[in-house]
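Thanks for coming. I will walk through one model and keep to a few parts of it.

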Amino acid sequence: MRRRRIEALMGDIVTPRFVLKPITRWQMARLQHRYLKDDGIRALLTLHRKPPSLWRSFRRIGRANGRTRFHHAIVDRTTKAVIGTHSTRLIPFRTAGFEVILGERAWWGRDVVPEVRKALIIVLVRQAGLEQMLSLVHSRNFGSVLNYGKLGFEHVGASPMAAYDEFRDEPADFLVFSLRGDALRRSVDAWEKEGALVAA
Ligand SMILES: CC(C)(COP(=O)(O)OP(=O)(O)OC[C@H]1O[C@@H](n2cnc3c(N)ncnc32)[C@H](O)[C@@H]1OP(=O)(O)O)[C@@H](O)C(=O)NCCC(=O)NCCS
């Protein structure tokens, strides 16, 4: 069955401090190629010691097709600078998965991820009818794990030895976090009330 286009994810998604701006696969690849030169970012995300080539960065990323895969640049509304990237992948059944990179390290520790995810999840639930947010994260990626906690995600499982961590030279376990059902509905209601999604 061909999935329908989700127009709401093809336009700007605005939060109090940021705009999620739709970008193409190549724009995403160029940004990620730059960000993945940072050892600290690779140690959390790809777990590869060697920075990827531009072509490999491109291959890592699927095409933004307007139906199941969406790429956004995270833009600071004040300076208009791009500070990171965000990808959303839709999978059966009515589920979305995420990947974020805050390439500009000055923004780490400033609650960017909870802010942009709240607005994005409101759109995914209200405009795309999704029923579950599901993410896999490296068990040692504490920033990410804590971010899922801040958004009310529940730890629902693990994928042991899902990748090899070249930085620690050992297999890496991944944890699965989910937000769905009543918890998802309550969160979306509360985030709408607090103004997490700003009219574009
Ligand atoms: C993941 C990432 C976006 C998190 O950045 P961030 O949202 O600014 O996260 P923070 O630095 O605020 O960390 C979140 C929390 O974890 C805590 N934390 C972060 N690293 C930690 C560590 N090594 N040990 C203990 N706590 C840690 C922070 O103190 C913060 O807690 P607080 O809000 O109570 O102070 C950023 O690290 C990044 O871009 N990493 C590379 C890509 C990546 O890993 N993406 C996620 C996989 S999809």
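I start with a definition: a residue is buried if 20 or more other C-beta atoms lie within 10 Å of its own, exposed if 12 or fewer, and partly exposed in between, with C-beta atoms placed from the backbone. P22 has 16 C-beta neighbours inside 10 Å, so P22 counts as partly exposed.

Two remarks on the source. Residues are numbered from 1 along each chain as its sequence is written. The model is predicted: local features need pLDDT of at least 70, side-chain atom pairs count only at pLDDT 80 or more, and totals for chains, interfaces and linings use all residues.

P22 is found in strand β2, residues 18–22. Helices (H or I, at least four residues) and strands (E, at least two) are DSSP runs, numbered from the N terminus. Leaving aside neighbours within four places in sequence, P22 is in contact with M10, G11, F70, H71 and H72; contact means that the two C-beta atoms, placed from the backbone, lie within 7 Å.

Now the sheet. It is open, has 8 strands with mixed pairing, and its order is β1-β2-β3-β4-β5-β6-β8-β7. At the edges are β1 (13–14) and β7 (154–165), each of which pairs on one side only. Two strands pair if DSSP finds at least two bridges between them. Strands β2 and β3 (residues 69–76) run antiparallel and are joined by 5 bridges; F18 has D76 as its bridge partner in β3.

Next, the ligand. Which residues are closest to the ligand? They are L44, L102, F142, G143 and L146, among 18 residues that surround it. Near here means that the C-beta atom, placed from the backbone, lies within 6 Å of the molecule. The elements giving two or more residues to this shell are α2 (39–44), β5 (95–101), α4 (112–126) and α5 (142–150). With 5 residues, α5 gives the most.

That brings me to α5 itself. Which residues of α5 are buried? They are S144, N147 and Y148. Seen down the axis of α5, the buried residues fall within an arc of 100°, so they line one face of the helix; the arc is that of the directions from the helix axis to the C-beta atoms. An α-helix has 3.6 residues a turn, so residues three or four places apart point the same way. What covers the buried residues of α5 includes α4, β6 and β8. The face turned away from the buried side carries the exposed residues F142, L146 and K150. Just after α5, G152 takes a positive phi of about 85°.
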